[in-house]
Amino acid sequence: MDPSQVPNLYKQQRGPPKIKNKNPAPIQITAEQILREAKERQESAKKAPRQKISDLEELSEYRLRKRKEFEDAIRRNRLNIGSWLKYAAWEESQKELNRARSIYERALDVDSRNVTLFIKYTEMEMKNRNINHARNLFDRAVTLLPRVDQFWYKYTYMEEMLGNVAGARQIFERWMQWEPDESAWNAYIKMEKRYKEIDRARAIYERFVNVHPEPKNWLKWVKFEEEQNNLEKCREILSQAIEVLGEDHMDQKIFIAFAKFETRLKEFERARIIYKYALDKLPRSKSESLYNAYTQFEKQHGDKDEIEDVVVGKRRLQYDEELAANPKNYDIWFDYARLEENASDIEKVREIYERAIAQVPPTQEKRFWRRYIYLWINYALYEELETKDYDRTRQIYQECLKILPHKKFTFAKIWLLYAQFEIRRLDLQAARKSLGMAIGMCPKDRLFKGYIEIELQLREFDRCRTLYTKYLEHNPSNCYAWIKFAELERMLGDYDRCRAIFELAVEQPTLDMPELLWKAYIDFEFTEEEFEKTRLLYQRLLEKTGHVKVWISFAQFELNADEGDKQGALERARKVFENAYQSMKEKELKEERVLLLESWKEFETNHGNQETLSTVEAKMPKVVKKRRKLEETEGQTGVAWEEYFDYIFPDDQTQQPNFKLLAMAHAWRQQQQQQQQNQEIQE
């Protein structure tokens, strides 16, 4: 039989059964009914039949049998205290107290330090109103086990319930000699307060804080005295607590309670002094709540300056915590110093700066010193501008220069700031000495520039010449120095010297930016209207480089070099364009030729005629799209091609055959398009 014809009963039966009728049943049943039925159907546990005793003889037999069972159990396991307790409880239930006492005594002989035995024993005596027996048992218990607080609590409670307050007090005094925990002292104090013995409670508190000098116990005593309206005593207790605890065990809770107490008495200045004293003594980790309480206090009872002091104090502690975690975080030092400067505390500002500059970077790498050096700069500027302590400022600069590893790197900013400071103090000799030392130890371009700028402002031109000479001896490839040196001589009117400097510069074998140097030299000659010398400079430059921008600049120069013959200037400029085009054509520089032709076309549009413009336009190339094979790389499969744009010049002989073929293909395509349009028109 075909399996496909077998009904798929398995699939029909999978999953939960489908409910067709989803209406509620007419009779509903609750969970409570289900539980009740289950309880009713449970079978009751079988109980042992109760024995009925009808005469004294049966009672004696029953007692004998039970005692034999208990004795046998004790004999089997003498150390099982539970058996002793059951035995004694049974004897108590039979009103045989003497037998029960005997059993308890026998059990205590087995384990004389068992707390449960003593408790059950004393409870039996108290239950049966045998007070003296109970007292004797409690005396034995507290003598044998004085560290078990339960005996003392029950003993004192029994005496107090009997109205024997003096006896309870005597028991408490015996207990206090053992210096128990805090709950025992609190129980003693509560008893005295219940009977209005205030002086006794005060004396107990005084002994209590000597035994347990924790802050919470002092605060309990203060609260007690405040309830008695003994305010002077409260102040005395809080002061004594601060003195006794000392700085090692001091807690912010004592100060907060003391300050709030003074606040309640409207003694705001006292409270403020307490807060400030506490904030000075306690570390940040132990005074978070204290700061919050002080802030709240100042918001309620302080003025603007005092609130700002609180905010500054919190920020100060925050900075201290962050610096303790990472003392090399110079940004935090900057913020910290700025905070103290705004607070106008000179000694505090100096302390912060001294701590900051002591965090010297661990390695002699300049990138680690860039932020650090500004700490010294800010310190020196603060001393100079804010405190007017010029000797200290000079000392800061000198110490900073000593700490720098000048053989590996230096900071020209420090040298220049120091020199400018000495100039402001009218000590020009010290400024020059420091800059000369800097140039001798670690010559840098920025040092030379700054020193020369200072001498220029002082109009010491001979010194400027000397500095430029040393600058160029240090770095002869620096075009900036050559240009500035030449500009100095030009400013002084010594054109021959300026020209000689330019000549020396262009003859250097290596230059960092030769194009700027040549441009400056050419601009100098052009400004002086030395057109022939300018033309020779362009020709010398073109011998070194045939860049298209140089050719275009040369042509612009010939156009602007109007020597009285405008037509001749146009011809010379056109001649430059032609020479440039021929030079680039020989070098097969296509993109440069395009730039040149565009500039040439603009020139002919503005200054030429239709004939010269047509000549340039005939030289313009056509842009074609081509494909070329890419170089194979590692992991590449197959051949990769890329498209690019190429220029085809009409007068390029090497590309003439391809150009003719391209032109013929273009003409054929136009012819095909024309024929297609004619057919559409006829249809």
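In helix α29 of this predicted model, the buried residues (under 20% relative accessible area with a 1.4 Å probe, protein chains only) are Leu517, Trp518, Ala520, Tyr521, Ile522, Phe524 and Glu525. Helices here are DSSP runs of H or I with at least four residues, numbered from the N terminus. The cover over these buried residues includes α27 (479–491), α28 (495–506) and α30 (531–544), where contact means heavy atoms within 4.5 Å. Helix α29 itself runs over residues 514–527, and its 14 residues reach 20 Å from first C-alpha to last, close to the 20 Å expected at 1.5 Å a residue (1.5 Å times one less than the number of residues). After α29 comes Glu529, with a positive phi near 60°.

Residues are numbered from 1 along each chain as its sequence is written. Local features need pLDDT of at least 70 and side-chain atom pairs pLDDT 80 or more, while totals for chains, interfaces and linings use all residues, and side-chain values use heavy atoms, without hydrogens and water.

Two other loops also deserve a look. Lys196, not a glycine, has a positive phi of about 60° and is found between α10 (182–194) and α11 (198–211). Lys196 is exposed, at 67% relative accessible area (exposed means over 50%). Asn229, likewise not a glycine, has a positive phi of about 60°. Asn229 sits in the loop joining α12 (215–227) and α13 (231–245) and is exposed, with a relative accessible area of 59%.
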